[in-house]
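Dear colleague,

I am handing over the structure below, and after it I set out what was found. Please read the notes with the coordinates open beside them.

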Amino acid sequence: MATHEKVDVVIVGAGASGSTYAAVLAKAGKKVVLLESGPDWQQSDLISSDFWGRRLKPAGSPFLLEGKNPYGYVYQAGWGVGGAALHYFANFPRLMPSDFKVKSEHGRGLDWPIDYKDVAPYYDKVADDVGVSGDAKAEEIWRPPGKPYPMPPMKTFKNGQVWLKGFEAVGIRMRPAAVGMNSTEYKGRKACIYDGWCHVGCPIGALANPLVTYLGDARKAGAEVRARATVTRVLTNAAGDKVTGVEYYDDKKEKQTQEASVVVLAAWAAQNPRLMLNSANDKHPNGLANRSGLLGKYMMAHFASGTFAMFDEDIENHMGTIGGQYFSYDRYDKLTHKDKGAFGSTFIVAGAAQKTSDLGGIPNARPDLFGPALADFMKRAKRGLTRITMFGEELPNIENRIEVASDKDEFGMPLGRFTHTFDEAAVALWNANFDEGLKVAKATDAKESWSGRGNMPTIHMFGGTIMGTGAGNSVVDSYGQTHEIGNLYVAGPGIFPTEGAPNPTYTIFALSLRGAEHLAANWSAVAG
Amino acid sequence: MDAIERRALLKGAGLGALAFTVGGAQVLLTPAQAFADNVPLRTLKPDEAKTLEAMGETLVPGAREAGIVQFVDQQLSIPAEEALLEARILNVRPPYANFYRAAIGAINGASTARAGKPFAELDAATQHAFVDQMRQNKIEGWKGPGGGFVYFILRSDAVDVVYGTMAGYKALDIPYMAHIEPTRSW
């Protein structure tokens with residue numbers, strides 16, 4: 001086993017959050033090493049193909065997936081530099097102020113230890129850093145004051161425009177979606193060409209993936225990326241009050257140790273607690289920084305109610321982006337569907353480019369069809385199919401959790417066990433959103449419309465290392481610093497105590513920027 | 001997989017083709033070309049291939065000639081981390097051959113129990129009815145991965161080779177609009 005020269009910071013995971021930390025700290029003059037379990041993808045690896053795009057995801061889940069609604073791990077996950085943000089949809093909605101005070105305002109769920117106003121400046125900074133297109137003025141009907149986006153909104157196409165009549169009929173106001181994509185050239189990166197291949201990686205840099213934003217910045221500032229480096233343990237000193245580095249297996253599957261003054265875990269919401277649980281020692285017998293007993297607890301996912309509509313005419317459904325052209329917070333009030341037993345916010349997106357294969361492809365708009373019926377459907381849908389999606393919020397439930405199992409992976413690290421079940425309020429919200437989606441569709445000029453019901457999906461991932469006011473109620477503080485070990489940080493959606501309803505990566509960038517800048521500003525106190 | 005084959009595959013990723021073995025040499029072909037050239041299979045046994053071909057054609061017309069068997073067979077022969085199969089993103093645990101063998105075994109076991117012969121030997125109408133029951137998990141005595149899940153995975157494979165390729169887009173008259181184009185229509 002080789003031991004590498006001590007560095008200032010070792011970051012586990014080179015996705016959205018790890019890249020942000022790396023950029024800030026490397027620019028602050030720190031010696032930064034990122035350890036990434038997957039390949040060192042280049043922009044030129046991002047082939048425009050649904051099945052070639054699957055290479056950007058892990059081969060098999062490192063978790064045993066259990067519960068009534070097992071988490072759909074691999075589809076959501078990243079593998080390699082860029083992480084899941086190499087294949088994300090780049091919708092950039094913000095959380096709303098109400099998301100930070102769910103417990104206070106409704107007596108259920110949890111509160112964040114910070115408010116929207118603490119995060120808002122970082123939303124603005126991220127927008128400037130990575131480039132966001134949108135219409136902040138038009139969003140003022142929902143959004144608290146903030147800086148305008150640096151780019152105007154994206155183009156829209158018929159497959160999004162045809163929904164506006166339906167939304168208006170049911171009283172839902174749609175606005176141009178804020179997205180982490182270039183409607184114009186931005187910082188030397190090209191403008192989007194609206195070909196809809198966002199979800200398999202954008203090789204022209206029009207979409208703000210980490211390779212062309214924070215990870216690129218980090219590398220320019222001297223950060224070192226070691227790809228195919230799989231971390232299995234975080235190491236501590238004998239007293240257990242400081243972390244000293246990590247153990248990992250390199251690209252030749254040989255064991256290595258990287259010593260560091262600060263460790264940042266940025267390996268996504270499920271892997272971080274798995275790693276911390278596997279790092280238990282005599283001073284931390286239940287896993288690192290787990291005096292609260294909450295490590296691995298309160299795992300959350302979004303769910304989506306998709307509604308499809310078929311038009312006779314060519315609605316240019318091959319054009320656009322894979323995220324959405326319009327969005328709405330008009331059903332964001334957590335009590336919107338309380339009469340149906342539902343609780344939680346809904347975030348609405350309309351108008352995504354359609355592709356012919358993969359989970360979100362045209363054939364899965366009607367997964368029951370096969371044979372000649374499917375062939376006929378494809379001919380009708382190829383230019384006439386469009387969809388809207390209503391994302392719903394799941395409240396934190398302590399039973400939704402990560403544990404370590406007895407089965408082990410190729411490095412001898414126990415697999416995780418990920419147990420996840422939606423509660424009745426979430427199921428009720430999912431159903432209510434199907435009902436409303438169908439009302440919208442039927443108020444359009446579509447020839448046919450239907451709900452895309454199937455197994456209740458799990459989308460995005462949160463929790464497991466939630467933030468709070470102290471070790472009695474959480475694992476980390478609002479900066480991601482663990483309560484018990486001052487030089488151990490956790491970054492990413494795992495620190496969210498509630499999830500809201502919007503796509504999370506904009507908030508992940510914002511919280512990571514906030515945490516990283518705080519760490520850099522307090523370096524001596526943390527790393528000393 | 002040896003180093004030469006790995007390099008061929010990586011090059012193939014750029015070209016949009018897959019590495020097949022013909023006469024002991026590695027060549028880059030699309031699955032449809034591999035079907036047309038009757039390229040020898042690496043992993044699937046003849047009866048497994050026959051079942052997969054029949055199931056693929058039942059699920060998505062055109063899957064046979066689009067090379068569903070050649071696609072899946074080639075994919076099962078390479079390291080899981082290089083695989084392009086839908087099974088990968090639906091949390092099937094590698095090696096993926098275990099899933100396909102179990103699925104094919106379940107299909108033929110159920111077909112033989114119901115009709116006295118394997119799936120590939122059923123007439124088209126009976127195959128269609130079988131699949132309709134399978135997708136709804138309604139086949140009694142089914143032994144293996146869930147019928148609905150098997151349906152979804154194999155249907156996705158068939159969709160990939162028929163509709164997901166550049167040739168598939170062209171056949172549907174949908175502009176493919178690649179940033180990085182698979183040059184062999186795959």
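In this predicted model, 26 residues of domain 1 of chain A are in contact with 36 residues of domain 2 of chain A. The side of domain 1 of chain A that touches domain 2 of chain A is made up of 14 nonpolar, ten polar and two charged residues. As for the bounds, domain 1 of chain A covers 1-44 + 74-131 + 208-293 + 464-528, while domain 2 covers 151-201 + 299-395 + 421-457, and the C-alpha centres of the two domains lie 30 Å apart.

Also in chain A, the axes of helix α4 (residues 116-130) and helix α11 (residues 505-521) come within 8 Å and cross at roughly 105°. Because angles from 65 to 115 degrees count as roughly perpendicular, α4(A) is roughly perpendicular to α11(A). On the α4(A) side the contact involves Val119(A), Tyr122(A), Tyr123(A), Lys125(A), Val126(A) and Val130(A), and α11(A) contributes Tyr506(A), Phe509(A), Ala510(A), Leu511(A), Leu513(A) and Arg514(A). The residues of this contact divide into ten nonpolar and two charged, with no polar ones.

Turning to chain B, its ten helices and two strands follow the order α-β-β-α-α-α-α-α-α-α-α-α from the N terminus on. Of the 186 residues of chain B, 48% count as buried, and among the contacts in chain B with a separation of 6 or more, 55% are accounted for by residues 24 or more positions apart.

Definitions and conventions
Residues numbered from 1 in each chain as written. Chains lettered and ligands numbered in written order. Predicted model: local features only at pLDDT ≥ 70, side-chain atom pairs only at ≥ 80, totals over all residues. Axes fitted to C-alpha atoms, helices over the stretch in contact; angles between N-to-C directions. Helix = DSSP H or I, 4+ residues; strand = E, 2+ residues; numbered from the N terminus. Parallel < 35°, antiparallel > 145°, perpendicular 65-115°, else oblique. Contact = placed C-beta atoms within 7 Å. Nonpolar A, V, L, I, M, F, W, Y, C, P; charged D, E, K, R; others polar. Domains from an automatic or database assignment. Buried ≥ 20, exposed ≤ 12 C-beta atoms within 10 Å, placed from the backbone.
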